[in-house]
Amino acid sequence: TLSIPKRLLSNRRFGRRSSARAMHVSRGMRYLVGVLLSINFVAYWAIPLAGMGMLYKFTLKGIGRPLFELVDQSPALRAFAAKYVYQKEQYSDFFLCSLGTAVSISASFLFVLRWQVLHGSLPWWLIFSYYCLWVGLGGRSMGTAYTMAHKEGHNVMIYQKWWRRTVGNLFENRLGMLYGNVPYNFQTSHVHIHHKLDGGVGDTFYLWDLDRTSLSDFMLYVYRVALHMTGYSSLLFFDKTGRRGMYDKLRQGCMQYFLYVPAVMLLVTKSFSFLFFIYVQPLISMTFFLALLNFGFHGFIEFDKDGNSIEVVNSTCIIEGDDDSFGEDDHYIHHYATTVYHRDLPEAHKARIAEFKHHKASIFRGLSILELSIFLLAGDFKKLAEHYVDYTESMSKDEIAVMLERRAKFKEMTYDEYESLLASEEIYKRHVVASAK
């Protein structure tokens, strides 16, 4: 039975009355776009992602991780990063990963660009190789690119002044475009929409109107995330809520991503196929991938007796995961204690054990966010129960599985009701009022 929080009931009639004239894209067309983007991901990106992940995990991890840690802990390397690159010494944690990713993607892109100019086209083996390097061993290149774009967006003072004036946010606004990221997306949309609303109504990543165990609903979500990735839904939010500064900044990023950079690429390569396979495909890939990951990060929801979303339930945390990238696995702390540095996460957790126990928090151990998202979408709650951290020490695996399934299937409202609220602009009006208080 659908249960809609009291704070939304007053808007249901208004939304339904306005939906017919305001919803320009039919549900069927949204579903079709989601399906096509998903098929594209499977066709072009599934093998590079799975292959590079397995290559690292089953063959190179034993050698690669110790070697990386040896170089990463070099006093000379860290001293250089602290003195010349970052605003604070602790940020030198990011230097080796950032350097490796920047060199890898720059060299790979310049190589395929040179090949295109010299030969007039890219062979399939070269495109596939580029995708593998784009992903990186164990997904480290794409993971670092998005982790650093994320951190740059949250902390625009992460770099020293000379770097900020010349390079700026390297991964958010420069190299990030090769990973499908619209410049300024993180410091505008991510910070001022997703974090301001914590995944709630109006968020361009909103998903609590969908069944997170339904592949059909996931197709609709892929479409919604595509609107976010292109900047469209965020621009609409900023425009309707009067956030002119955020609107102008993101619009500038969209102009760079969709107009200026493609124009230069076409001028140099004279090839639409190069533009599609090297520049557009990463946007399609990350649209699907981020939709899948967000199902895991915000896939569970429960409300308290007052109709408020319970924070430790609606944002997932993974501890002792193999693929964590500087604390990105802890999505709960990231949302509700954003300034906690990744080294300090264990202490932050200890301080919240009582709250985790009381609400049966969405905390899991020993798996990646990709695995969690796949298990969730597949409805494999017994597998998820094996990784669930039961702070109450009182629940059986079957009881945990039932609880997780209930939380994953619960909807704040139906998809059509939510889309009607968006179409009626009632959501935007509510946020304008809230911001004025």
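**Stop 1: Asn 185.** Select Asn 185, which is buried at a relative accessible area of 5%. Buried means under 20% relative accessible area, exposed means over 50%, and partly exposed lies in between (1.4 Å probe, protein chains only). Asn 185 sits in helix α10, residues 185–197. Helices here are DSSP runs of H or I with at least four residues, strands are runs of E with at least two, and both are numbered from the N terminus.

Before you go on, note what you are looking at. This is a predicted model, in which local features need pLDDT of at least 70 and side-chain atom pairs count only at pLDDT 80 or more, while totals for chains, interfaces and linings use all residues. Residues are numbered from 1 along each chain as its sequence is written, and side-chain values use heavy atoms, with hydrogens and water left out.

Now show the neighbours. Which residues does Asn 185 touch, not counting those up to four places away in sequence? They are Glu 172, His 190, His 228 and Leu 250. Contact means heavy atoms within 4.5 Å. Draw a distance from Asn 185 to Glu 172: their C-alpha atoms are separated by 7.5 Å, and the two are 13 residues apart along the chain.

**Stop 2: α13 against α14.** Select residues 244–269 for helix α13 and residues 272–297 for helix α14. Their axes come within 9 Å and cross at roughly 150 degrees. Axes are lines fitted to C-alpha atoms, for helices over the stretch in contact, and angles run from 0 to 180 degrees between N-to-C directions. The two helices are therefore roughly antiparallel. The cut-offs are under 35 degrees for roughly parallel, over 145 for roughly antiparallel and 65 to 115 for roughly perpendicular, with the rest oblique.

α13 passes α14 in a right-handed crossing. A crossing is left-handed if the near helix is turned anticlockwise from the far one by less than a right angle, and right-handed if clockwise. Show the side chains of the contact. On α13, pick Gln 256, Tyr 257, Phe 258, Val 261, Pro 262, Met 265, Leu 266 and Thr 269. On α14, pick Phe 272, Phe 274, Leu 275, Tyr 279 and Leu 283. This contact holds 11 nonpolar residues, two polar and no charged. Ala, Val, Leu, Ile, Met, Phe, Trp, Tyr, Cys and Pro count as nonpolar; Asp, Glu, Lys and Arg count as charged; the others, Gly among them, count as polar.

**Stop 3: α2 against α14.** α2 passes α14 in a left-handed crossing. From α2, the contact uses Leu 37, Ser 38, Asn 40, Phe 41 and Tyr 44. From α14, the residues include Phe 276, Phe 277 and Gln 281. By class, this contact has eight nonpolar, five polar and no charged residues.

**Stop 4: Met 286.** Stay on helix α14 and select Met 286. Is Met 286 buried or exposed? Met 286 counts as buried, at 2% relative accessibility. Met 286 touches Trp 134, Met 142, Tyr 146, Tyr 179 and Met 229, leaving out residues up to four places away in sequence. Tyr 146 is 140 residues from Met 286 in sequence, yet their C-alpha atoms are 9.7 Å apart.

**Stop 5: the loop between β1 and α16.** Look between β1 (317–319) and α16 (331–336) for Ser 325. Ser 325 is buried, with a relative accessible area of 15%. Beyond residues up to four places away in sequence, Ser 325 touches Gly 143 and Thr 147. Now click Glu 320 in the loop between β1 and α16. Glu 320 counts as exposed, at 59% relative accessibility. Its phi is near 60 degrees, a positive value in a residue other than glycine.

**Stop 6: α22 and its end.** Select residues 415–424, helix α22, where nine of the 10 residues are buried. Then step to Glu 425, which follows α22 and has a positive phi near 70 degrees. Glu 425 lies in the loop between α22 and α23 (426–436). At 30% relative accessibility, Glu 425 counts as partly exposed.
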